[in-house]
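These are my notebook entries on a single structure. I set down what I looked up and what I found.

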Amino acid sequence: MSDPDMLYGTTLSVESIKVIAESIGVGALPDGAAKELADDISYKLKQIVQDAVKFMHHAKRTKLSMGDIDYSLKVRNIEPQYGFFSADSVPFRFASGGGRELHFVEEKELDLVDIIQAAPPKIPLEVSLRTHWLCVDGVQPTVPENPPPLSKDNQQLDSVNPIKKLEKSNVRDTAGKPTTGKTHKLKNVETVHVKQLATHELSVEQQLYYKEITEACVGSDEVRRTEALQSLSCDPGLHEMLPRMCTFIAEGVKVNVVQNNLALLIYLMRMVKALLDNSSLYLEKYLHELIPSVSTCIVSRQLCMRPELDNHWALRDFAARLMAQICKNFNTSTNNLQTRVTRLFSQALQNDKTHLSSLYGAIAGLSELGSEVIKVFIIPRLKFISERIEQHLQGANISNTDKIAAGHIRAMLQKVSAPVLKTIRNAPDIVEDYKRDYGFLGPTLHQAVVKARSAPPAPTVTTPPNNNSVTIVTTPIAPSINRPHIPQVISQQRIGGFSSSQGGSSSISRQSSQSSGSDGPQSQQKFVIVTQRPNTPQTVQSTQVFTLSNSTVTHVPAPPELDDLSHLE
């Protein structure tokens with residue numbers, strides 16, 4: 001044990017003590033003093049490390065952290081070291097040369113100018129306490145702080161085995177009293193199964209909540225609508241009202257598509273988005289109502305009163321993203337949901353009589369399902385689509401509506417096809433080849449593919465293992481594809497509320513209100529009035545005005561915070 005080589009790595013060497021002494025200004029330290037310091041410091045370091053290992057074991061961890069070292073120092077009444085905190089272990093690098101070996105921590109130099117010019121960090125939130133009811137009269141309220149009354153797994157089990165609920169209800173008598181042997185004997189002799197009229201029984205509070213939520217979602221108050229959508233996306237106790245919510249959305253889409261009410265269709269799709277974002281709801285039982293509603297907003301021929309002015313294209317794009325989210329969350333090998341949705345959209349591409357607005361919706365729906373779907377279903381039909389839109393873009397006596405729709409289709413194909421064509425076609429890109437393969441869209445696609453090839457690579461983020469290091473972010477400027485100039489003004493005088501009956505059907509109808517003080521049988525109906533005032537969009541006299549500027553619409557994917565289409569209002 002007296003061999004110096006056996007002690008390497010367990011004690012500090014005399015040379016290390018001399019180097020440390022020179023770094024603080026103490027030179028010519030005698031060898032004897034350096035050896036005594038090395039032994040004493042090594043002994044104390046071992047004690048600190050052993051205590052830190054105890055803290056690590058008590059915390060049920062296998063990796064020693066810097067916090068364990070700080071706790072060990074506090075136990076010995078030693079002030080902990082500041083500025084060395086790191087969530088991960090600090091990596092040591094190894095270097096050798098000249099017969100010596102060294103382990104060191106690589107530290108990067110920080111430029112003070114960059115630190116000063118950087119944006120200041122966000123101010124942390126203050127510590128606050130919130131109270132909520134855990135139980136009221138023996139019933140747990142459905143608030144976000146409490147666990148959901150019925151978990152998502154139980155909702156799925158109920159949907160697979162509906163008899164499970166009836167089996168639970170037979171455990172106790174209908175009056176809630178313990179059953180006697182005579183009653184058991186009678187039930188064994190004569191058993192009667194009564195079919196329930198409604199799958200769920202809503203309490204008075206739930207009925208009031210349902211009424212307030214539906215009125216707020218389709219009403220004219222944007223603040224109430226935002227709060228209602230937030231409640232739909234976060235509240236855990238909505239599974240009992242989910243059938244009526246889905247029926248409300250389905251019936252609302254049917255009514256407003258016929259009336260070409262773009263604003264209410266947007267509100268209903270935002271409700272679908274909120275329900276999809278709620279992690280405590282199991283929506284697979286209600287896809288038969290949601291999917292037709294979303295598909296209608298994608299491929300319907302007309303969604304608004306003025307297709308040449310109103311921005312119904314944004315609604316189609318938003319509904320296409322919703323459909324892609326539904327396919328991603330609920331597609332299984334049993335229901336083949338994505339295959340059926342893809343077949344629905346591809347049939348619109350195969351039909352030469354499909355309206356241009358529906359053709360745009362089919363292309364948007366397929367493009368949201370991924371690059372493989374684009375490669376299989378859109379790329380082979382580019383020449384056919386090119387021939388259809390060419391006559392609308394360059395022909396004479398063409399309506400302005402068809403011309404605008406053809407321009408949107410060209411911009412959409414240019415955006416979604418360029419990344420796929422870049423991978424399936426080899427360089428160099430020749431314009432004549434694109435004209436031969438894709439017809440009228442050839443030059444446009446050629447230009448988009450050339451820009452895609454010359455664009456810088458995707459944003460890369462380099463994160464060193466040390467948290468004290470600098471994070472380098474490289475963000476290229478992606479080329480944007482502009483759509484044609486479309487002046488868009490949507491004005492609305494009054495939005496009729498919807499009332500849903502509290503029975504099993506949950507039908508939707510317009511509200512009719514009689515003027516106060518009038519005994520006559522006549523009533524005034526509330527309906528949507530859309531007026532065309534393209535010259536003075538800022539001075540429309542109305543209760544609520546939805547205005548879109550006449551600036552160029554940039555056809556790039558919307559950020560997540562704009563997925564709710566609130567920018568259309």
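Predicted model: local features only at pLDDT ≥ 70, side-chain atom pairs only at ≥ 80, totals over all residues.

The entries below go through helices, loops, salt bridges and a surface patch in turn.

**Entry 1. Helix α10.** I began with helix α10, which covers residues 242-258. I asked what span its 17 residues should have at 1.5 Å a residue. I then looked up how many of the 17 residues of α10 are buried. The count is 13, so the helix is largely enclosed by the rest of the structure. After α10 comes N260, and I recorded a positive phi near 55 degrees for N260.

**Entry 2. S293 in helix α12.** I next turned to S293, which I located in helix α12 (residues 287-299). Is S293 buried or exposed? I found a relative accessible area of 4%; because buried means under 20%, S293 is buried. Setting aside residues up to four places away in sequence, I listed I249, A250, V253 and M269 as the residues that S293 touches.

Entry 3. For the whole structure I noted 17 salt bridges. I recalled that side chains of opposite charge can pair when their charged atoms come close. I looked up several of the bridges individually.

One of them joins E251 and K254, with the closest N and O atoms 3.7 Å apart. Both residues belong to helix α10 and stand three residues apart, about one turn of the helix. As background, an α-helix has 3.6 residues a turn, so residues three or four places apart point the same way. E251 is partly exposed, at a relative accessible area of 28%, whereas K254 is exposed, at 52%.

I then examined D277 and K273, a salt bridge whose closest N and O atoms are 3.8 Å apart. Both lie in helix α11 (residues 262-277), where four residues, about one turn of the helix, separate them. D277 counts as partly exposed, with a relative accessibility of 39%.

**Entry 4. The bridge between R425 and D437.** I looked up a further salt bridge, in which the side chains of R425 and D437 meet at 3.0 Å, N to O. This pair links distant parts of the chain, its members being 12 residues apart. R425 is in the loop between α18 (400-424) and α19 (431-438), while D437 is in helix α19. How much of each residue is accessible? R425, at 18% relative accessibility, counts as buried, and D437, at 30%, counts as partly exposed. I also noted that salt bridges with shared partners join R425, D433, R436 and D437 into one network.

**Entry 5. The loop between α13 and α14.** I placed N335 in the loop between α13 (312-330) and α14 (337-350). Its relative accessibility is 19%, and because the limit for buried is under 20%, N335 counts as buried. What does the side chain of N335 reach? I found the backbone oxygen of F330 at 2.9 Å. Apart from neighbours within four places in sequence, N335 is in contact with E284, F330 and R340.

N336 is in the loop between α13 and α14 as well. I recorded that N336 is partly exposed, with a relative accessible area of 36%. N336 is not a glycine, yet its phi is positive, about 50 degrees. For reference, most residues other than glycine have a negative phi.

**Entry 6. A28.** I looked up another positive phi in a residue other than glycine, that of A28, which is near 55 degrees. A28 is found in the loop between α1 (14-23) and α2. A28 is exposed, with a relative accessible area of 78%.

**Entry 7. A nonpolar surface patch.** Last, I asked which residues make a nonpolar surface patch of about 290 Å². They are L12, L37, I41 and L45. I located I41 in helix α2 (residues 31-58). I41, at 33% relative accessibility, counts as partly exposed.

Key:
Residues numbered from 1 in each chain as written. Heavy atoms only, no water. Helix = DSSP H or I, 4+ residues; strand = E, 2+ residues; numbered from the N terminus. Buried < 20%, exposed > 50% of the residue type's maximum accessible area, 1.4 Å probe, protein only. Polar contact = N/O pair within 3.5 Å; in protein donor to acceptor, adjacent residues only side chain to side chain. Contact = heavy atoms within 4.5 Å. Patch = residues over 30% accessible without salt bridge, like charges linked within 9 Å, V, L, I, M, F, W, Y side chains within 5 Å. Areas by Shrake-Rupley, 256 points an atom, 1.4 Å probe, with all protein chains shown as cover. Salt bridge = Lys/Arg side-chain N within 4 Å of Asp/Glu carboxyl O. Expected span 1.5 Å × (residues − 1).
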